[in-house]
Structures are given as structure tokens and as C-alpha cells.
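Hi there,

Here is the structure I promised to pass on to you. Have a look at it first, and then read on for what I found.

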Amino acid sequence: MNKTDINKIPLKFKTVFSALFGLLVFLIPKELDTDFYFLYKSGEYICNNGFPVKDFLSWHENMDIIVQQWLFDVLLYKAYSVAGKAGLFIAEFVMCLAVSALIYMLCKKVSNNFFVSFVASFSAAAVIAAEFIVTRPQCFTYLLLIAELLLLEQYVSSKKAAFLIGLPIISVILINMHASMWPMMFVFLLPYFAQAIPVKTKRISQKPCCSFIFLAAAAVSSLVCGFINPYGLKSMLYLITSYGSKELNDGVTEMNPITASSPVGLLFLGIMLAVLMFAVLGRRNKSELRFVLLCAGTAVLALSSVKAFPYFLISAAVFITSTYKNFTIKVKVSTEKANRKTLFIRFVAGTVAILLICVLLFMQFGGKLSDEVPFEEEINPAVSELKSVYKDDTILFNGFNSGAYLEYCGIPAFIDARAEVFLEKNNHEADYYSEYYKVVKGDTYYKEFIDKYGFNCCFISNASEAYLYNSLLHDSDFSAVYNDGNYSIFLKNS
């Protein structure tokens with residue numbers, strides 16, 4: 001009986017297994033993300049009018065704005081104009097496949113172990129596909145940051161500084177595609193700087209993985225290239241000026257820390273615990289310092305914000321692959337023919353099992369494919385009624401989640417899902433988001449809020465704005481002219 005390494009299966013079988021990444025597209029949500037509406041209108045405005053410096057969607061006339069994802073907005077607008085929703089979903093599928101392929105290529109570069117690379121990258125890509133592949137600029141961010149890691153690994157392995165030329169190019173694309181995430185490319189550089197420093201003590205001896213000087217030159221070049229955007233330094237500092245508000249962190253789901261209070265949160269915490277378990281079990285394998293730091297750093301970011309979880313998944317896949325790069329499975333077979341057949345059957349069975357687990361977990365916990373009523377179908381009747389009562393002198397109040405769709409339908413909103421745009425430190429006019437958050441939570445008396453702005457029409461989500469809904473129901477100054485159980489419209493009595 002011969003023992004054969006599972007990594008030595010024929011190339012044609014590896015090709016078949018790699019093609020299974022295509023099945024991940026079935027995990028992608030089949031509805032447009034609600035941010036689509038303001039992204040589309042932003043792209044439309046830029047194509048027709050150029051880059052705005054004042055807000056053009058809400059009814060606030062003097063808010064300063066930065067369209068931090070302008071390039072994505074333009075691409076989204078063009079794609080939707082040409083191919084509609086079908087075109088956007090096809091683009092999502094392509095992005096899903098591209099992200100999956102790059103994660104696999106990165107893992108394979110790190111370890112050259114087909115089996116471990118496949119399992120680690122497939123697992124990470126499955127969660128990203130199910131929860132984070134949407135019609136938003138973050139998909140391009142994943143691609144660009146994985147590409148950055150690939151270039152860095154190519155440089156480390158070959159010692160050819162030419163690979164670092166790609167980093168400034170990534171910087172230019174990222175600052176225009178998704179400025180708030182542009183600093184992440186420098187976060188991803190930090191572990192490489194740490195391992196580029198020679199260390200020799202009694203207990204620790206570290207040979208540099210690459211040239212610190214070349215790495216610093218690439219970082220400085222990328223920093224300078226960040227100025228190549230329509231808003232200059234403002235885009236580069238967008239992350240600093242846009243986040244940190246307590247109300248924003250509490251009120252925007254993707255900014256919330258990961259907790260065990262929801263099924264999805266439990267799933268994410270379970271994944272992090274699994275990675276920790278694999279790290280402990282493989283501690284003797286001595287993974288490269290840069291991968292340890294990358295995984296640990298992104299884990300801290302993920303615990304503080306759900307938005308950072310995909311970056312942890314990418315880093316964890318690389319870390320696990322590096323840690324178990326020598327892992328193999330030996331199988332006993334009597335002949336070469338039987339060997340290939342056995343390996344093929346086991347690999348197919350294992351891959352299908354992984355896929356089924358991912359699908360079942362998503363269907364059970366993700367909740368996106370099980371939404372009975374799509375967002376547009378739910379809100380459209382109320383918006384149609386709002387259009388019939390909306391007048392030139394209407395001063396409209398609306399909620400965070402409905403604002404972008406109202407703007408898409410041509411109705412200027414009080415607030416929309418561009419949360420950071422409505423912070424005073426960005427718009428230099430007023431802290432509209434904090435005011436909205438406090439009144440919805442009941443921390444501000446609703447009458448004071450309504451009187452301040454003189455609202456004479458309120459478009460209310462019965463569930464997410466329950467305090468306002470119940471207050472207006474019992475307010476003699478307002479009358480409910482519409483209520484479908486999901487949304488209500490209140491008009492001020494004349």
C-alpha cells in the first residue's frame with residue numbers, strides 16, 4: 001500500500017475544485033443594498049455637473065460635502081444606466097469571484113499548499129460573499145487590499161522592489177474609490193515594517209523579511225499619491241473626520257462592535273474563536289510575524305466594528321495558511337488509479353460538505369435571502385402617498401433608512417444613510433445625525449425637535465422610529481393621513 005500526499009492530486013482535479021468558488025455566488029443577497037439609491041444619485045450628479053462641494057440630495061442647502069466614493073458612484077451609475085439591476089447583480093457575481101480568487105492566490109503564495117489554501121480561502125470567501133458582497137464600494141476595497149498583500153508577498157519572496165511600484169497605483173485607485181478605507185492600506189503595511197526590522201536579543205532573533213528602506217519609500221510614494229483626488233487632503237483625512245461619534249457608532253449597524261446579541265454576531269464570534277483555536281494548536285509551527293500581527297490587528301478592529309470583519313477574514317485565512325503550510329493528508333492506496341479516484345471522491349465530498357455548511361449557516365443566520373418583502377416593495381406605497389401630499393412649502397422629516405430612497409424618487413430628505421455627511425465636523429453647518437439619533441431614542445423631547453425645524457410633514461418608520469410614531473399619534477397638532485403598518489405619514493393641521 002502506497003501513501004500519497006493529498007496536495008499531489010492531478011492539476012485537472014485542482015482546477016475542478018477551484019471552480020467550486022463559483023458556487024459562492026449563490027450566497028450573495030439578491031436585493032439591492034439600500035445605499036444604492038444615494039450612490040446612484042451621486043454618480044448621476046457627478047456625470048452631469050462635476051464634483052459637488054455642497055449637498056445636493058437633502059433639503060439642507062449649506063452643508064459642505066465630500067463624495068468620498070465618487071469613482072464607484074460613477075461606475076455604479078453607468079452600469080445601472082446600461083444594464084439595470086441585472087447588470088449590477090452580474091457585477092456583484094464578478095466581484096465575488098474576483099475576491100475569492102485573489103484570497104486563494106494570496107494563500108497559495110504564502111504556503112504553496114493547495115489543500116490548506118483551498119479550505120482557508122473558501123471559508124473566508126463564503127462568509128464575505130454571504131454578508132459583505134453588496135452594491136457598495138467596499139467590494140473594490142477588498143480587491144485592492146488583497147492585491148496589496150499579494151504584491152508585498154511577491155516582494156518578500158523575490159526581493160525585487162519592482163513589485164512595490166503597484167502600491168502607489170493602488171493608493172490612487174483606493175482614495176478615489178473609497179476614501180474612508182484608504183488608510184487601511186497603510187494599516188496592512190505595518191506588519192511588514194515590523195518584520196523588516198532586524199532584531200537580535202538573548203531570546204529573540206529576527207532576520208528582516210525585506211528592506212525597510214524600500215518599504216518606506218513605497219509607503220511615502222503611496223501617501224503622496226493619495227493627493228490625486230478631487231478633494232485633496234480632505235479625502236485623505238475623511239476617516240478621521242467622519243467617524244468617532246458615539247451616536248454614529250451606536251446607530252449605524254456596521255459600526256457596532258461584534259456581540260453575542262444576534263445570531264450573526266454569534267457566528268462571527270464563533271469564527272474568531274475557531275481561528276484562535278487553530279492558532280493555539282499550531283503554535284509550534286511558528287507562523288511569520290507579519291501574518292500574526294496582521295491577523296491580531298484586524299481581529300481588534302473587527303471586535304470594535306462589524307465593518308472591519310472582512311479584513312479579519314482575509315488576514316485570518318493568510319495566517320492559518322501560513323501556520324499550517326506543511327499540513328498534509330496521507331492516504332493509503334494500492335494503485336495510482338485507485339489513488340486518484342480516492343482523492344477525487346474525498347475532495348469532492350469535503351468541498352460539498354463545506355459549501356453546504358456555509359449555505360445552511362447563511363440561510364439560518366444571515367437572514368438576507370429570507371426577507372419576505374424587498375425594501376422597495378415595502379416602502380413604495382408610502383412614497384407614492386407622500387408624493388401626492390408633498391407641496392412646495394413642505395418641510396419634511398424622514399428617517400435615516402428611508403432618506404436615500406426618497407432622494408432617489410426626487411424628494412429632498414432631512415437625513416439619509418450617509419451618516420457621516422450629517423455630522424457637523426464634516427458639513428460645517430449642524431449635527432443633524434446626532435439630533436436625529438437622540439430624538440428617535442427619546443433622549444430629546446420630540447416637540448422641541450419638530451418646532452426647531454418647523455416640520456409640517458413627517459414620514460415615519462413605525463418600527464425604527466417608534467417613539468416619534470407613538471408621540472405623533474397622540475399629538476393634536478398632527479393628523480395621520482397614511483399608515484400601512486410599516487410607514488406612516490403625518491401632516492400638520494392647518
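The side chain of aspartate 55 makes a polar contact with the side chain of serine 58, at 2.4 Å. A second polar contact, at 2.9 Å, links the aspartate 55 side chain to that of arginine 418. Please keep in mind that this is a predicted model. You will find aspartate 55 in the loop between α2 (36-49) and α3. Is aspartate 55 buried or exposed? Its relative accessibility is 7%, so aspartate 55 counts as buried, the cut-off for buried being under 20%. Leaving aside residues up to four places away in sequence, aspartate 55 touches His60, Met63, Ile65 and Arg418.

Next, turn to helix α14, which runs over residues 289-304. This helix has 16 residues and spans 23 Å from its first C-alpha to its last, close to the 22 Å expected. Which residues of α14 are buried? They are Arg290, Phe291, Leu294, Cys295, Thr298, Ala299 and Ala302. These residues sit on the same side of α14, because they cover an arc of only 160 degrees around the axis. Their packing partners are α3 (70-111), α5 (138-158), α8 (190-195), α13 (263-281) and α15 (309-323).

One last stop is leucine 281, in helix α13. With a relative accessible area of 61%, leucine 281 is exposed, as the cut-off for exposed is over 50%. Between leucine 281 and threonine 323 there are 42 residues in sequence, yet their C-alpha atoms are 9.7 Å apart in space.

Happy exploring!

Technical notes:
Residues are numbered from 1 along each chain as its sequence is written. This is a predicted model: local features need pLDDT of at least 70, side-chain atom pairs count only at pLDDT 80 or more; totals for chains, interfaces and linings use all residues. Side-chain values use heavy atoms; hydrogens and water are left out. Helices (H or I, at least four residues) and strands (E, at least two) are DSSP runs, numbered from the N terminus. The expected span of a helix is 1.5 Å times one less than its number of residues. Buried means under 20% relative accessible area, exposed over 50%, partly exposed in between (1.4 Å probe, protein chains only). The arc is that of the directions from the helix axis to the C-beta atoms. Contact means heavy atoms within 4.5 Å. A polar contact is a pair of N or O atoms within 3.5 Å; within protein, one must be able to donate a hydrogen and the other to accept it, and residues adjacent in sequence count only if both atoms are side-chain atoms.
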